[in-house]
Amino acid sequence: MERVSKGNQTLLTEFILLGFGNLPELQILLFLLFLIIYIVTVAGNVLIIALVVADQQLHTPMYFFLGNLSCLETCYTSTILPRMLASLLTGDRTISVSSCLTQYYFFGFLAVAECCLLAVMSYDRYLAICKPLHYEVLMHGRSCLQLAVGTWISSSLAADITVFLMQQLTFCGPNEIDHFFCDFIPVIKLSCSDTRMMELITTMLAAMCTLPPFLLTLATYVCIITTTLRIPSTIGWQNAFSTCSSHLIVVSIFYGTIMIVYMLPKTDTLRDLDKVFSVFYTVVTPMVNPLIYSLSNREVKEALGKIVTKYSAIKRIQTILP
(Lines give C-alpha, C1' and ligand atoms only; values in the text may rest on other atoms or scores of the structure.)
Protein backbone atom coordinates (compact mmCIF):
# COMPACT_ATOMS: atom_id res chain seq x y z
CA MET A 1 0.00 0.00 0.00
CA GLU A 2 1.54 3.29 -1.12
CA ARG A 3 1.32 6.41 1.06
CA VAL A 4 2.74 9.92 0.89
CA SER A 5 3.34 12.28 3.80
CA LYS A 6 1.64 15.67 3.96
CA GLY A 7 2.34 17.62 7.13
CA ASN A 8 1.42 15.37 10.03
CA GLN A 9 -0.79 13.15 7.86
CA THR A 10 0.10 10.14 5.75
CA LEU A 11 -2.11 10.17 2.66
CA LEU A 12 -3.16 7.18 0.58
CA THR A 13 -2.19 7.08 -3.08
CA GLU A 14 -4.08 3.90 -3.96
CA PHE A 15 -7.15 1.91 -2.99
CA ILE A 16 -7.95 -1.80 -3.05
CA LEU A 17 -11.16 -2.78 -4.86
CA LEU A 18 -12.31 -5.87 -2.98
CA GLY A 19 -14.79 -6.76 -5.73
CA PHE A 20 -15.61 -10.47 -5.60
CA GLY A 21 -12.39 -11.37 -3.79
CA ASN A 22 -14.43 -13.17 -1.12
CA LEU A 23 -15.11 -15.89 -3.73
CA PRO A 24 -11.58 -17.11 -4.55
CA GLU A 25 -12.77 -20.44 -5.92
CA LEU A 26 -14.97 -18.66 -8.51
CA GLN A 27 -12.45 -16.15 -9.88
CA ILE A 28 -11.83 -17.96 -13.19
CA LEU A 29 -15.53 -18.69 -13.66
CA LEU A 30 -16.42 -15.04 -12.96
CA PHE A 31 -13.69 -13.90 -15.36
CA LEU A 32 -15.10 -16.05 -18.18
CA LEU A 33 -18.68 -14.99 -17.39
CA PHE A 34 -17.90 -11.25 -17.40
CA LEU A 35 -15.66 -11.61 -20.46
CA ILE A 36 -18.53 -13.18 -22.42
CA ILE A 37 -20.90 -10.47 -21.16
CA TYR A 38 -18.45 -7.74 -22.22
CA ILE A 39 -17.98 -9.21 -25.72
CA VAL A 40 -21.75 -9.65 -26.20
CA THR A 41 -22.42 -6.11 -24.89
CA VAL A 42 -19.91 -4.39 -27.15
CA ALA A 43 -20.84 -6.49 -30.19
CA GLY A 44 -24.60 -5.97 -29.68
CA ASN A 45 -24.39 -2.22 -29.16
CA VAL A 46 -21.93 -1.69 -32.02
CA LEU A 47 -24.30 -3.69 -34.26
CA ILE A 48 -27.21 -1.42 -33.28
CA ILE A 49 -25.09 1.67 -34.07
CA ALA A 50 -24.05 0.20 -37.43
CA LEU A 51 -27.66 -0.64 -38.34
CA VAL A 52 -28.90 2.85 -37.42
CA VAL A 53 -26.14 4.47 -39.52
CA ALA A 54 -26.37 2.11 -42.51
CA ASP A 55 -30.13 1.59 -42.94
CA GLN A 56 -32.08 4.53 -44.37
CA GLN A 57 -35.29 3.22 -42.81
CA LEU A 58 -33.79 3.76 -39.35
CA HIS A 59 -32.94 7.43 -39.94
CA THR A 60 -35.70 8.60 -37.60
CA PRO A 61 -35.63 10.37 -34.21
CA MET A 62 -36.39 7.16 -32.31
CA TYR A 63 -33.42 5.32 -33.81
CA PHE A 64 -31.15 8.36 -33.60
CA PHE A 65 -31.63 8.30 -29.83
CA LEU A 66 -31.30 4.50 -29.80
CA GLY A 67 -27.92 4.89 -31.52
CA ASN A 68 -26.90 7.39 -28.83
CA LEU A 69 -28.02 4.94 -26.13
CA SER A 70 -25.99 2.11 -27.69
CA CYS A 71 -22.92 4.34 -27.86
CA LEU A 72 -23.46 5.28 -24.22
CA GLU A 73 -23.88 1.64 -23.14
CA THR A 74 -20.66 0.65 -24.91
CA CYS A 75 -18.73 3.36 -23.06
CA TYR A 76 -20.58 2.63 -19.80
CA THR A 77 -19.63 -1.03 -19.65
CA SER A 78 -16.07 -0.26 -20.86
CA THR A 79 -15.63 2.04 -17.85
CA ILE A 80 -16.07 -0.85 -15.42
CA LEU A 81 -15.62 -4.29 -16.99
CA PRO A 82 -12.04 -4.16 -18.37
CA ARG A 83 -10.71 -3.14 -14.95
CA MET A 84 -12.77 -5.87 -13.26
CA LEU A 85 -11.60 -8.49 -15.77
CA ALA A 86 -7.94 -7.59 -15.19
CA SER A 87 -8.48 -7.86 -11.43
CA LEU A 88 -10.15 -11.28 -11.71
CA LEU A 89 -7.41 -12.58 -14.00
CA THR A 90 -4.31 -11.25 -12.22
CA GLY A 91 -5.56 -10.91 -8.65
CA ASP A 92 -4.26 -7.33 -8.54
CA ARG A 93 -7.05 -5.27 -6.99
CA THR A 94 -5.14 -2.04 -6.41
CA ILE A 95 -6.17 1.18 -8.14
CA SER A 96 -4.60 4.60 -7.73
CA VAL A 97 -6.67 7.40 -6.22
CA SER A 98 -6.51 9.39 -9.47
CA SER A 99 -7.58 6.35 -11.53
CA CYS A 100 -10.41 5.69 -9.09
CA LEU A 101 -11.72 9.24 -9.42
CA THR A 102 -11.36 9.04 -13.21
CA GLN A 103 -13.39 5.84 -13.27
CA TYR A 104 -16.06 7.44 -11.09
CA TYR A 105 -16.14 10.51 -13.34
CA PHE A 106 -16.99 8.43 -16.42
CA PHE A 107 -19.39 6.22 -14.46
CA GLY A 108 -21.27 9.23 -13.03
CA PHE A 109 -21.24 11.09 -16.35
CA LEU A 110 -22.65 8.13 -18.28
CA ALA A 111 -25.20 7.18 -15.58
CA VAL A 112 -26.68 10.70 -15.58
CA ALA A 113 -26.56 10.75 -19.39
CA GLU A 114 -28.54 7.49 -19.47
CA CYS A 115 -31.22 8.95 -17.17
CA CYS A 116 -31.56 11.99 -19.44
CA LEU A 117 -31.45 9.96 -22.65
CA LEU A 118 -34.14 7.55 -21.44
CA ALA A 119 -36.30 10.58 -20.62
CA VAL A 120 -35.71 12.03 -24.10
CA MET A 121 -36.61 8.69 -25.68
CA SER A 122 -39.81 8.46 -23.64
CA TYR A 123 -40.71 12.03 -24.69
CA ASP A 124 -40.16 11.00 -28.30
CA ARG A 125 -42.55 8.06 -27.86
CA TYR A 126 -45.06 10.34 -26.10
CA LEU A 127 -45.13 12.71 -29.09
CA ALA A 128 -45.38 9.83 -31.57
CA ILE A 129 -48.35 8.23 -29.80
CA CYS A 130 -50.15 11.10 -28.05
CA LYS A 131 -49.37 13.99 -30.45
CA PRO A 132 -48.87 12.31 -33.83
CA LEU A 133 -49.91 15.39 -35.84
CA HIS A 134 -47.25 17.52 -34.14
CA TYR A 135 -44.52 14.85 -34.16
CA GLU A 136 -42.66 15.83 -37.33
CA VAL A 137 -42.80 19.52 -36.42
CA LEU A 138 -41.44 19.02 -32.89
CA MET A 139 -39.02 16.15 -33.56
CA HIS A 140 -37.11 17.39 -36.58
CA GLY A 141 -33.39 16.82 -37.10
CA ARG A 142 -32.22 19.99 -35.38
CA SER A 143 -34.29 19.46 -32.23
CA CYS A 144 -33.07 15.84 -31.98
CA LEU A 145 -29.46 17.01 -32.23
CA GLN A 146 -30.04 19.71 -29.60
CA LEU A 147 -31.62 17.19 -27.20
CA ALA A 148 -28.74 14.74 -27.66
CA VAL A 149 -26.01 17.37 -27.27
CA GLY A 150 -27.79 18.88 -24.26
CA THR A 151 -27.94 15.45 -22.63
CA TRP A 152 -24.20 14.81 -23.04
CA ILE A 153 -23.07 18.30 -21.98
CA SER A 154 -25.32 18.61 -18.90
CA SER A 155 -24.28 15.13 -17.73
CA SER A 156 -20.61 16.01 -18.14
CA LEU A 157 -21.03 19.20 -16.08
CA ALA A 158 -22.70 17.28 -13.25
CA ALA A 159 -19.85 14.76 -13.16
CA ASP A 160 -17.26 17.59 -13.32
CA ILE A 161 -18.67 19.24 -10.19
CA THR A 162 -18.88 15.98 -8.24
CA VAL A 163 -15.34 14.85 -9.05
CA PHE A 164 -13.94 18.34 -8.37
CA LEU A 165 -15.42 18.13 -4.85
CA MET A 166 -14.04 14.62 -4.38
CA GLN A 167 -10.56 15.82 -5.36
CA GLN A 168 -10.61 18.12 -2.32
CA LEU A 169 -10.86 15.13 0.03
CA THR A 170 -7.91 13.55 1.79
CA PHE A 171 -7.61 9.80 2.24
CA CYS A 172 -5.45 8.69 5.15
CA GLY A 173 -7.28 5.78 6.75
CA PRO A 174 -8.45 2.38 5.47
CA ASN A 175 -7.96 1.83 1.75
CA GLU A 176 -10.31 -1.08 1.00
CA ILE A 177 -13.37 -0.32 -1.16
CA ASP A 178 -15.99 -3.04 -0.74
CA HIS A 179 -17.15 -2.83 -4.33
CA PHE A 180 -16.04 -3.86 -7.83
CA PHE A 181 -15.75 -0.27 -9.07
CA CYS A 182 -15.24 3.21 -7.61
CA ASP A 183 -18.72 4.34 -6.62
CA PHE A 184 -19.38 7.56 -4.71
CA ILE A 185 -20.49 6.28 -1.29
CA PRO A 186 -17.82 3.54 -0.85
CA VAL A 187 -15.08 6.04 -1.80
CA ILE A 188 -16.07 8.92 0.46
CA LYS A 189 -16.41 6.50 3.40
CA LEU A 190 -12.61 6.19 3.25
CA SER A 191 -12.00 9.94 3.49
CA CYS A 192 -10.63 11.45 6.70
CA SER A 193 -12.04 14.87 5.69
CA ASP A 194 -15.39 16.26 6.79
CA THR A 195 -17.69 15.15 3.97
CA ARG A 196 -21.03 16.41 5.29
CA MET A 197 -21.19 19.53 3.13
CA MET A 198 -19.97 17.67 0.07
CA GLU A 199 -22.55 14.92 0.59
CA LEU A 200 -25.29 17.56 0.84
CA ILE A 201 -24.17 19.29 -2.36
CA THR A 202 -23.81 16.05 -4.31
CA THR A 203 -27.20 14.77 -3.04
CA MET A 204 -28.85 17.96 -4.29
CA LEU A 205 -26.97 17.68 -7.58
CA ALA A 206 -27.96 14.03 -7.99
CA ALA A 207 -31.61 14.92 -7.29
CA MET A 208 -31.50 17.73 -9.87
CA CYS A 209 -29.94 15.45 -12.51
CA THR A 210 -31.98 12.28 -12.00
CA LEU A 211 -35.35 13.23 -10.48
CA PRO A 212 -36.64 15.45 -13.35
CA PRO A 213 -35.73 12.84 -16.03
CA PHE A 214 -37.35 10.12 -13.94
CA LEU A 215 -40.54 12.16 -13.38
CA LEU A 216 -40.66 13.09 -17.07
CA THR A 217 -40.29 9.43 -18.04
CA LEU A 218 -43.01 8.44 -15.56
CA ALA A 219 -45.37 11.20 -16.72
CA THR A 220 -44.93 10.40 -20.41
CA TYR A 221 -45.68 6.72 -19.85
CA VAL A 222 -48.80 7.56 -17.84
CA CYS A 223 -49.96 9.64 -20.82
CA ILE A 224 -48.94 6.91 -23.29
CA ILE A 225 -50.82 4.20 -21.38
CA THR A 226 -53.88 6.44 -20.98
CA THR A 227 -53.92 7.26 -24.70
CA THR A 228 -53.32 3.64 -25.67
CA LEU A 229 -56.24 2.39 -23.59
CA ARG A 230 -58.54 4.79 -25.45
CA ILE A 231 -57.72 3.25 -28.83
CA PRO A 232 -60.79 1.20 -29.83
CA SER A 233 -58.99 -1.05 -32.31
CA THR A 234 -57.01 -4.01 -30.94
CA ILE A 235 -54.54 -3.72 -33.83
CA GLY A 236 -54.10 0.00 -33.13
CA TRP A 237 -53.50 -0.74 -29.43
CA GLN A 238 -50.93 -3.40 -30.30
CA ASN A 239 -49.12 -1.10 -32.75
CA ALA A 240 -48.96 1.71 -30.20
CA PHE A 241 -47.71 -0.62 -27.47
CA SER A 242 -45.09 -2.25 -29.71
CA THR A 243 -43.45 1.13 -30.39
CA CYS A 244 -42.65 1.71 -26.71
CA SER A 245 -42.65 -1.73 -25.03
CA SER A 246 -38.91 -2.28 -25.48
CA HIS A 247 -38.11 1.15 -24.07
CA LEU A 248 -40.41 0.57 -21.10
CA ILE A 249 -38.60 -2.71 -20.28
CA VAL A 250 -35.20 -0.95 -20.39
CA VAL A 251 -36.44 1.92 -18.18
CA SER A 252 -37.91 -0.51 -15.64
CA ILE A 253 -34.70 -2.54 -15.31
CA PHE A 254 -32.47 0.54 -15.09
CA TYR A 255 -34.47 2.55 -12.57
CA GLY A 256 -35.60 -0.49 -10.59
CA THR A 257 -32.08 -1.64 -9.75
CA ILE A 258 -30.80 1.93 -9.13
CA MET A 259 -33.60 2.56 -6.63
CA ILE A 260 -32.78 -0.66 -4.77
CA VAL A 261 -29.06 0.23 -4.55
CA TYR A 262 -29.27 3.94 -3.73
CA MET A 263 -32.69 4.69 -2.20
CA LEU A 264 -33.82 1.77 -0.05
CA PRO A 265 -32.69 1.63 3.61
CA LYS A 266 -29.48 -0.34 4.07
CA THR A 267 -30.56 -3.47 5.91
CA ASP A 268 -27.99 -6.24 6.34
CA THR A 269 -29.62 -8.25 3.55
CA LEU A 270 -29.66 -5.34 1.06
CA ARG A 271 -26.09 -4.37 1.97
CA ASP A 272 -24.93 -7.89 1.10
CA LEU A 273 -26.86 -7.77 -2.19
CA ASP A 274 -25.63 -4.31 -3.24
CA LYS A 275 -22.93 -5.74 -5.52
CA VAL A 276 -25.43 -8.08 -7.17
CA PHE A 277 -27.90 -5.28 -7.93
CA SER A 278 -25.02 -3.04 -9.06
CA VAL A 279 -24.04 -5.74 -11.56
CA PHE A 280 -27.56 -5.47 -13.02
CA TYR A 281 -27.47 -1.76 -13.89
CA THR A 282 -23.75 -1.54 -14.75
CA VAL A 283 -23.20 -4.85 -16.55
CA VAL A 284 -26.45 -6.69 -17.36
CA THR A 285 -28.52 -3.71 -18.57
CA PRO A 286 -26.00 -2.63 -21.25
CA MET A 287 -25.92 -6.24 -22.48
CA VAL A 288 -29.68 -6.84 -22.67
CA ASN A 289 -30.59 -3.47 -24.21
CA PRO A 290 -29.57 -4.47 -27.78
CA LEU A 291 -31.34 -7.82 -27.33
CA ILE A 292 -34.53 -6.15 -26.09
CA TYR A 293 -34.60 -3.57 -28.88
CA SER A 294 -33.72 -6.04 -31.64
CA LEU A 295 -36.06 -8.84 -30.56
CA SER A 296 -39.13 -6.65 -29.96
CA ASN A 297 -38.63 -4.12 -32.75
CA ARG A 298 -39.78 -4.93 -36.28
CA GLU A 299 -37.69 -2.24 -38.02
CA VAL A 300 -34.45 -3.35 -36.35
CA LYS A 301 -35.13 -7.00 -37.24
CA GLU A 302 -35.84 -6.01 -40.85
CA ALA A 303 -32.62 -3.96 -41.04
CA LEU A 304 -30.66 -6.88 -39.60
CA GLY A 305 -32.34 -9.23 -42.09
CA LYS A 306 -31.25 -6.97 -44.99
CA ILE A 307 -27.64 -7.03 -43.78
CA VAL A 308 -27.69 -10.83 -43.45
CA THR A 309 -29.26 -11.20 -46.92
CA LYS A 310 -26.68 -8.91 -48.53
CA TYR A 311 -23.83 -10.74 -46.79
CA SER A 312 -25.20 -14.13 -47.91
CA ALA A 313 -25.53 -12.88 -51.50
CA ILE A 314 -21.95 -11.60 -51.51
CA LYS A 315 -20.67 -14.93 -50.15
CA ARG A 316 -22.58 -16.85 -52.86
CA ILE A 317 -21.12 -14.60 -55.59
CA GLN A 318 -17.64 -15.12 -54.18
CA THR A 319 -18.07 -18.89 -54.29
CA ILE A 320 -19.30 -18.76 -57.90
CA LEU A 321 -16.59 -16.45 -59.23
CA PRO A 322 -13.20 -18.09 -59.86
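Author: What follows is a short talk about disulfides and nonpolar cores in this predicted model.

Reader: How many disulfides does a search of the whole structure find?

Author: The search finds two, and, with bonded cysteines counted along the chain, they follow the pattern 1-3, 2-4.

Reader: Which residue does Cys100 pair with, and where do the partners sit?

Author: Cys100 is joined to Cys182, with an S to S distance of 2.0 Å; Cys100 lies in helix 3, while Cys182 lies in the loop between strand 5 and helix 6, 82 residues apart. The torsion about the S-S bond of Cys100 and Cys182 is about -125°, so this disulfide is left-handed.

Reader: Is Cys182 buried or exposed?

Author: Cys182 is buried, with a relative accessible area of 0%, and Cys100 is buried with a value of 0% as well.

Reader: And what about Cys172 and Cys192?

Author: They form a disulfide with sulfur atoms 2.0 Å apart; Cys172 is partly exposed at 23% relative accessible area, and Cys192 is partly exposed at 36%.

Reader: Switching to the largest nonpolar core, which residues touch the most other members?

Author: Of its 82 residues, those are Phe15, Phe34, Met84, Phe171, Ile177 and Val187. Helix 3, residues 97–130, gives the largest share of this core, 19 residues.

Reader: What is Phe15 in contact with, beyond its sequence neighbours?

Author: Leaving aside neighbours within four places in sequence, its contacts include Cys100, Phe171, Ile177 and Val187.

Note on methods:
Residues numbered from 1 in each chain as written. Predicted model: local features only at pLDDT ≥ 70, side-chain atom pairs only at ≥ 80, totals over all residues. Heavy atoms only, no water. Core = buried A, V, L, I, M, F, W, Y, C linked by side-chain atoms within 4.5 Å. Buried < 20%, exposed > 50% of the residue type's maximum accessible area, 1.4 Å probe, protein only. Helix = DSSP H or I, 4+ residues; strand = E, 2+ residues; numbered from the N terminus. Contact = heavy atoms within 4.5 Å. Disulfide = S-S within 2.5 Å.
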